[in-house]
Amino acid sequence: MKTLAPWVAGVIVLCAGSAALAADGSAAPALPRISGKVYAITNYGAAAGQADSAKGIQAAIDAAAAGGGGTVELPAGTYLSGPIHLASGVRLDLAAGAMLKMLPLASYPGGTKNPANFISGKGLHDVAITGKGTIDGQGGDWWPLVKKAGPSIRRPRMIALNGCARVLIEGVRLENSPMFHIAIGGHSSDITVRGVTIRAPASNDPVHPSHNTDACDVSGTHVLVENCDVSVGDDDFTCSGGTSDVLITHCTYGHGHGVSIGSSTAGGVSDLTVEDCTFTNTECGIRIKSDRDRGGAVHHLVYRNLKMTNVGMAILIYGAYAATERKYRDLTNMTGEIATAYPEKPVGPRTPRYSDITFSNITATVAKGRRAGLIWGLPEAPVTGVVLDNVSITADKPFGIFNAKDVQIKDCHILTPDGKQNLTTKNVQKSAQ
């Protein structure tokens, strides 16, 4: 065992660097405090080239936990491993040239019936996964199975943390997870994901499409996602209910379904800001989706200073995610007449309710044959308090706003091939300008 220096009273506080402030000026999330001790996995029986290094890696984690915490170090080399469990006060650090590979499907414990998540933790505090190395999920054999057999195939998540506090994921490259790459939930708090590269083939890749390979699913409070480079086969970011105080900034998004909220928003989502990000070939730029059996209050959202190129739709907000009739599922061709004919139901505790959403300084070009955007509220719960300020979108089909009130549209340009402003509305109450 060796020690890192310098540290204060034996504890390293993983430096916040230049992390941005949230829109309300609040500080970045609290970062983990990790002991200066270092535990190299090679001292605990793990070795590059082993058939399964899980036992040695876990022994190093357990030793670090027993010693009051510290950094578990993976030196350069390729390590195959089955599932491992993190511990409070422990950082898993992958050196440059280190490759941690999930065991392939054929030898993964639990197979397709009951596979454990790869790197997991529950109820932990002060945990980190850092470094310049790579974690490879070897998901290529899992994806075609689930496309063929559907939900009967169970898959492991690459990083799965539940109910954890002071979490940092920084610098590493994550690729080809069988399912989600990062999944953090269960009332977690103070979560930072920064400088992370995440890659999987697009879901419509003509050769080897991935499936449900979400990049960053983070639900909780006080969340910062910054300087990440993401291109995957499902949501590039998403969160569910019970989420607040989120800042996503200076990220680069490629293939995937965009920066999303939902579909489960029960418990509410609030105070989320997305700023200074780019989107290229993304299915959606911004997407908020839910339905009457899983909704809640989604409010105080800010999207600003965004550039989108060749996206499938720049902005999509709707509350009929599980609609079964084809006319309500064809969002590209949705008209005001169809949208406002959607059957009304009584407002209940799980009715999706969207309010106080601002879009400003956004430019976008949309893929051929697709629409600029869609904001579609339920008849019993119109989208309320929408501001579109300096939004410029070029698309083949119009931007539609249906079932909404208190809408402000300022300096917006929705250009279609006829060269005209093309923003259509129905059952919309606009605010005084």
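Reply: Let me begin with a term: a salt bridge here is a side-chain nitrogen of Lys or Arg within 4 Å of a carboxyl oxygen of Asp or Glu. The model is predicted, so local features need pLDDT of at least 70 and side-chain atom pairs count only at pLDDT 80 or more, while totals for chains, interfaces and linings use all residues. Residues are numbered from 1 along each chain as its sequence is written, and side-chain values use heavy atoms, with hydrogens and water left out.

Me: OK, how many salt bridges does the structure hold?

Reply: The structure holds 10 salt bridges. As background, side chains of opposite charge can pair when their charged atoms come close.

Me: Which side chain does aspartate 235 meet in a salt bridge?

Reply: Aspartate 235 pairs with lysine 289, at 3.7 Å from N to O. This pair links distant parts of the chain, 54 residues apart, with aspartate 235 in the loop between strand E19 (229-231) and strand E20 (243-249) and lysine 289 in strand E24 (residues 286-289). Helices (H or I, at least four residues) and strands (E, at least two) are DSSP runs, numbered from the N terminus.

Me: And does aspartate 235 count as buried or exposed?

Reply: Aspartate 235 counts as buried at 5% relative accessibility, and lysine 289 counts as buried at 2%. Buried means under 20% relative accessible area, exposed over 50%, and partly exposed in between, with a 1.4 Å probe and protein chains only.

Me: What about glutamate 380, which partner does it meet?

Reply: The side chain of glutamate 380 meets that of arginine 292 in a salt bridge of 2.8 Å, N to O. Here too the pair links distant parts of the chain, 88 residues apart: glutamate 380 lies in the loop between strand E28 (371-376) and strand E29 (383-394), and arginine 292 in the loop between E24 and strand E25 (297-311). Glutamate 380 is buried, with a relative accessible area of 12%, and arginine 292 is buried at 17%.

Me: Which residues do salt bridges with shared partners join into one network?

Reply: Asp235, Arg287 and Lys289 are joined into one network in that way. Another salt bridge is between arginine 173 and glutamate 175, at 2.8 Å from N to O; of these two, arginine 173 counts as partly exposed at 32% relative accessibility, whereas glutamate 175 counts as buried at 13%.

Me: Switching to cysteines, how many disulfides does the structure hold?

Reply: The structure holds 0 disulfides, a disulfide being a pair of cysteine sulfur atoms within 2.5 Å. Cysteine 251 is in no disulfide, and the nearest cysteine sulfur to it, that of cysteine 228, is 4.6 Å away. For cysteine 277, also in no disulfide, the nearest cysteine sulfur is that of cysteine 251, 4.7 Å away. Cysteine 251 is buried, with a relative accessible area of 1%, and cysteine 277 is buried with a relative accessible area of 1%.

Me: Now pockets. What is the volume of the largest pocket, and what lines it?

Reply: About 460 Å³ of space lies in the largest pocket, and its lining has 28 residues, of which Arg157, Phe180, Asp214, Asp217 and Thr238 lie nearest its centre. On a 1 Å grid over the protein atoms alone, a pocket is an open set of points with protein on both sides within 12 Å along at least five of seven lines, a cavity is a set where a 1.4 Å probe fits but cannot get out, and lining residues have an atom within 4 Å of a point. Grid points are joined across faces, edges and corners, and a volume is the space filled by probe spheres set on the points.

Me: Which element gives the most to that lining?

Reply: E16 does, with 4 residues; the elements giving two or more residues are strand E13 (159-162), strand E16 (182-194), strand E18 (216-226) and E24.
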